[in-house]
Amino acid sequence: MKENLKVYEAIAEAKESGKRAAVATVIKVIGSSYRREGAKMFVDETERNIGLISGGCLESDVAEEAKAVIKSGKPFTKFYDLDEDYVWGLGLGCPGKVMVYIERVS
């Protein structure tokens with residue numbers, strides 16, 4: 001819960017300073033995942049990230065998607081299939097499916 005508070009504080013700071021930013025939220029998990037629905041990650045235009053939405057597997061890709069959302073202003077939903085045989089073969093430990101909603105902070 002403290003992590004979400006840090007995300008909300010970063011949102012307030014971005015609004016106050018005029019920085020453009022986005023928030024990614026896990027909206028659906030099917031199967032096993034490191035984080036559950038409601039996990040959030042903040043990304044601003046300087047590429048500062050706060051919060052985790054996975055065990056480190058998705059954050060860099062979500063940050064890239066967030067930059068596009070910051071630029072376009074259009075929200076985006078990204079689906080990740082973390083099936084061991086399907087993704088990298090790295091033994092991720094949580095072979096579930098995760099849906100992440102990314103929206104610009106207004």
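Reader: Which residue of β5 stands opposite Val-26?

Author: Val-26 stands opposite Val-100 in β5. The model is a predicted one. In β5, Val-100 is also the bridge partner of Lys-78.

Reader: What makes β1 and β5 a pair of strands?

Author: Two strands pair if at least two bridges are found between them. Eight bridges join β1 to β5, so the two strands qualify as a pair. They run antiparallel. By the same test β4 and β5 are a pair, because six bridges join them. Those strands run antiparallel as well.

Reader: What makes β2 a partner of β1 and of β3?

Author: Five bridges join β1 to β2, in the antiparallel sense. Val-43 stands opposite Asn-49 in β3.

Reader: In what order do the strands lie in the sheet?

Author: The order is β3-β2-β1-β5-β4, in an open sheet of five strands with antiparallel pairing.

Reader: Why are β3 and β4 said to stand at the edges?

Author: β3 (49-50) and β4 (76-81) each have a single partner strand, so one side of each is left without a neighbour in the sheet.

Reader: Why is β2 called largely enclosed?

Author: Five of the five residues of β2 are buried, so the strand is largely enclosed by the rest of the structure. Lys-40, Phe-42 and Asp-44 point one way from β2, while Met-41 and Val-43 point the other way. In the chain as a whole, which has 106 residues, 39% count as buried.

Reader: What makes Thr-25 buried or exposed?

Author: The relative accessible area of Thr-25 is 10%. Buried means under 20%, so Thr-25 is buried. Thr-25 lies in strand β1. Setting aside residues up to four places away in sequence, Thr-25 touches Gly-38, Ala-39, Lys-40, Met-99, Val-100 and Tyr-101. The C-alpha atoms of Thr-25 and Phe-42, 17 residues apart along the chain, are separated by 9.0 Å.

Reader: Which class does Ile-27 fall into, and why?

Author: Ile-27 lies in strand β1. Its relative accessibility is 41%. Buried is under 20% and exposed is over 50%, so Ile-27 falls in between and counts as partly exposed. Apart from neighbours within four places in sequence, Ile-27 is in contact with Glu-37, Thr-77, Met-99, Val-100 and Tyr-101. The C-alpha atoms of Ile-27 and Ile-102 are 75 residues apart along the chain and separated by 9.9 Å.

Reader: Why is Glu-59 said to have no salt bridge?

Author: Glu-59 lies in helix α2 and is buried. The nearest side chain of opposite charge, Arg-35, is 6.4 Å away. A salt bridge needs a side-chain nitrogen of Lys or Arg within 4 Å of a carboxyl oxygen, so Glu-59 has none.

Reader: Which backbone atom lies 2.8 Å from a polar atom of the Glu-59 side chain?

Author: The backbone nitrogen of Ile-53 does. A polar contact is set at within 3.5 Å, so 2.8 Å meets the distance limit. Glu-59 touches Met-41, Leu-52, Ile-53 and Ser-54, leaving out residues up to four places away in sequence.

Reader: What makes the phi of Glu-47 worth a remark?

Author: Most residues other than glycine have a negative phi. Glu-47 has a positive value, near 70°. Glu-47 sits in the loop between β2 and β3, a hairpin with four residues between the strands.

Key
Residues are numbered from 1 along each chain as its sequence is written. This is a predicted model: local features need pLDDT of at least 70, side-chain atom pairs count only at pLDDT 80 or more; totals for chains, interfaces and linings use all residues. Side-chain values use heavy atoms; hydrogens and water are left out. Buried means under 20% relative accessible area, exposed over 50%, partly exposed in between (1.4 Å probe, protein chains only). Lys and Arg count as positive and Asp and Glu as negative; His and the chain ends are not counted. A polar contact is a pair of N or O atoms within 3.5 Å; within protein, one must be able to donate a hydrogen and the other to accept it, and residues adjacent in sequence count only if both atoms are side-chain atoms. Contact means heavy atoms within 4.5 Å.
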